[in-house]
Every structure is written in structure tokens, then in C-alpha cells.
Amino acid sequence: NKSAEMYQVWQQDKDHYIHPWTDFSTFKETGSIVVEDSDNVHITDGDGNQYLDGIGGLWCVNIGYAREEMAQAIAEQIMKVPYYSCFGHHTTVPAAKLAAKIAELAPGNLNHVFYGCGGSVANDTAVRIIHFYFNQLGKKSKKKIISRIDGYHGSTYMAMSITGVKFDHIGFDIDEQLVHHISCPNPYRRPESQSIEDFCDEKVQELENKILELGPDNVAAFFAEPIMGAGGVIVPPKGYHKRTLDVCRKYGVLYVSDEVVTAFGRLGHMFASKDEFDIVPDIITCAKGLTSGYLPLGATILSDDIYEVISKPQAEGALFTHGFTYSGHPVSCAAGLKNIEIMERENLCGHVQEIGSYFEEQLKTLMDLPIVGDVRGKKFMVCVENVANKESKELIDPEAQVGNRIADHCQKRGLIVRPLAHMNILSPPLTLSKDNVDFLVSTLRE
Ligand code: PLP
């Protein structure tokens, strides 16, 4: 019953658009749902069906959909200066203002902002800057990166190498010389007999062992998300981040906190590193919630110490030769400024603190269902893990496609949840109401 125009769109998409992250075998059969309209926490498809978007686009539509004042801010900037290069000694008003605003919000002495177009590029940039930083210091062997199994850091070559979700590497290549993975601090999957404290000790020690194995003179940085998102919303044991940061400091290894999902309100803070986990990393990468997905923008935020080293005159007369045509795009930066203004004016972090706690509580009620093994996460970043056996935590046969089937059933009932293997992930817009939470949880229960 698609209208003629929507049918044509559906067909054009199926015939010509290579979708990211797609199972082409099913795509070629079913094509796409055309998202045609949106409002606050809802999206509407080409057939006029409305859905509560339980995943906020892709963990990113933090202020909710279709905000008039975002459209105005974007349009006004386009009519003023739609683009200018920021290479060298030019800038634009929004690029400068947003950098200052990010520096004000970021923890500690993270006061310097480099812009790219998204999270992957923010992480790639972090690696390039870290290498440049150690070259500048004359520590030319310090190049290796350590990250975690099930960490997700993006889809460029380098960001995917840092990513530790093994499934995502199948069929593609990664840089195994440069990047080394340690295990995932997933408390749910720890041995039954192990205390959470011992588990934390083991994971922290594993990082130290890896640095020693590779040689501290060869290790440049450790990358970690505050809460691992696409790896299954994994909240590490208490103290893990602080203690891994201490290990990094001990060996002169830079700590990069990938806050692409967690920054700008998802956990009820502008940045989660300091406010949720009490650490001040050396570098924070962010994207998504920075513009709430209205336009592409990512940022790599550097400490004063790193900036001082990379901005010194270069020994060999080289420039800081890193940057993109769209670094600091004025329209994206204008969207970022307006987005943050809305978040602050409406106290969306406060709203997430309040409704997010209710959301967590209500989702936990699903634990009485026979297939729900774990409900975890914080505030507006949560996950339901389905298992074959709650006691043994045995996995459901992947052939059963349980995550996909739950997502399909939810969709039929007007709710979008994200399937991830045997899990379902939720990361709704931060404007979610209590009524929305009730609908979401009761639909999942059904
Ligand atoms: N880092 C994290 C933690 C992410 O979740 C993502 C994307 O989901 C990325 C990096 C990559 O961001 P992007 O898709 O904007 O390149």
C-alpha cells in the first residue's frame, strides 16, 4: 500500500543505494523502510506508520527530531557563510565559538578542539595527532595503540582497526601491527566464582601486562569508551576507568576516551568521563550528540599539554599537516552551538537524570521474562541481553536471530529498537517522556 512516489523511492533505494552496515541478502529481498517524516521522539514511514524511535537515529538525535530553531540556525548560517576553509589562518564565527564552548564544557585542561565529520574521523585524528605528538617529543617508537575486544571506534581503516568487535572485522583487513586488543571488562560474562573486585583487578592488570609485553616505549595510547556501546552496552566494574588511567599515566601512555555516544547528555552529563567516571583523559573524541545528528560533525579534544607540544615550531620545518576540507564546517558548527544551547536551556541532562533512572528501573522489570538474562546500561544507553538459559547464561543459537525478531515484532507495534546479535539496544532521544518509557517497556515485554 505504498503510495506511488514512496514505491518509487523504495525501488530507487533498493537498486542504487549501497547502505552502510547491511546484510545484502535480506536487503535485496525486502528493501528499506523509508523514513519520511519525524517529530520529537517519533519517526514516520512512507506508508504513514509512526514509530517511537527507541534508538535516537543511531545514538545521536539527542534533542529530538524536527526542531524549528535548529532549521533556522542552520539556514541563517548558510545565508551568511555556507562554507569557508579553516586551513591556516582563516576561521568562521561558529567554528571559533563552538570550540570555546566545547572547551568550557570538557573536563580538566581539555581546551583545544580539532573538527572532523564524525566519530571515526575523530578517532583517526586522535591517532595521527598522538603519533605527531610523540614524534615531536623525539619518542619515535611510541606508536602502538591498545583497545578492547568489543570496543567500537568507527569504520575508517584506523578506527575499525581500533574497534575490537571481531564480527565487524570478518572479510575486511585491519592494522594488526599497530593495534592490540585486550579483553572486554564485561561483568555479566565473568566467571561465576569470581568477585567483581577480582574481575576488575584482572582487567586492569591485563592492560599493564599488555603495555609491558609491547614495551612502554612502543605504546602510544589506550582507547576506551566510558560505556562500550555497539559492543553491547557494557558498563565496566567500578574503578576500572580510574585504575586504567593510572596505569596509562605510569607508562606515559595517553588515555583517549571515546565519548562519541556518551557525550552531550546520553548519561545525563555533557561529558561522562569526569562526571560519571571521575577521570580526566588526555583526549576526548565526540560526535553524534554534538549536533544531535542534524548535520555531520565530530571533534577531537586535546589537553593543554598535548596542544603545547603539537603547536611548537616543528623541528624539521614541517607543518601540522592534518585536516579536511570540511574541518570546522561553519553550518555544522552553527548546528552544534544551537544544539548545545537547547540542551542547556531545557536542562536535558537533568531530564535524563530523572527519566533515565525511571527508564532503567522499568527496563529491569523485564528480568522476570524467561529469555532476559541481563538488563544493563545507564540512563539513556541501555541493552537487553537475551539468553537460552538464565542460570548458565548460555547463548541462544545465532540462527534463531532473536535480536532481529524482537526488533521486527517491536516495529510492528510502533517501536524501533536496535538488534545486535542476541541483544537489543536502546538509546532514545533525550526528550523521552515517562509515558514514552511505559510504551517502550510494555512493547518490549509483549
Ligand atoms: N565511536 C563510538 C563509541 C561509536 O559508537 C561510533 C559510532 O557508532 C563511532 C566512534 C564512529 O562514529 P561515526 O559513525 O560518526 O564515524
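In strand β7 (residues 219-224), V219 is the bridge partner of K144. The structure described here is a predicted model, in which local features require pLDDT of at least 70 and side-chain atom pairs count only at pLDDT 80 or more, while totals for chains, interfaces and linings use all residues. Residues are numbered from 1 along each chain as its sequence is written. Strands (E, at least two residues) and helices (H or I, at least four) are DSSP runs, numbered from the N terminus.

The pairing of K144 with V219 belongs to the contact between β7 and strand β5 (residues 144-148), which is parallel and comprises three bridges; two strands are said to pair if DSSP finds at least two bridges between them. Strand β5 also pairs in the parallel sense with strand β6 (residues 179-182), over four bridges. Within β6, I182 stands opposite R148. Four of the five residues of β5 are buried, a residue being buried if 20 or more other C-beta atoms, placed from the backbone, lie within 10 Å of its own.

Strand β11 (residues 372-378) runs antiparallel to β12 and is joined to it by six bridges; R376 stands opposite C383. Two residues separate the strands of this hairpin, where K379 takes a positive phi near 50°. With strand β15 (residues 423-426), β12 forms a further antiparallel pairing over four bridges, in which V382 has L426 as its bridge partner.

Around the ligand there are 14 residues, of which G118, G119, S120, G154 and V260 come nearest; a residue is near a molecule if its C-beta atom, placed from the backbone, lies within 6 Å of it. Helix α6 (residues 119-136) contributes three residues, the largest share of this shell. By class, the shell holds five nonpolar, seven polar and two charged residues, where Ala, Val, Leu, Ile, Met, Phe, Trp, Tyr, Cys and Pro count as nonpolar, Asp, Glu, Lys and Arg as charged, and the others, Gly among them, as polar.

Overall, the protein contains 16 helices and 15 strands. Buried residues account for 46% of its 446 residues. The C-alpha trace spans about 65 × 65 × 45 Å along its principal axes.

Definitions and conventions: A residue is buried if 20 or more other C-beta atoms lie within 10 Å of its own, exposed if 12 or fewer, and partly exposed in between; C-beta atoms are placed from the backbone.
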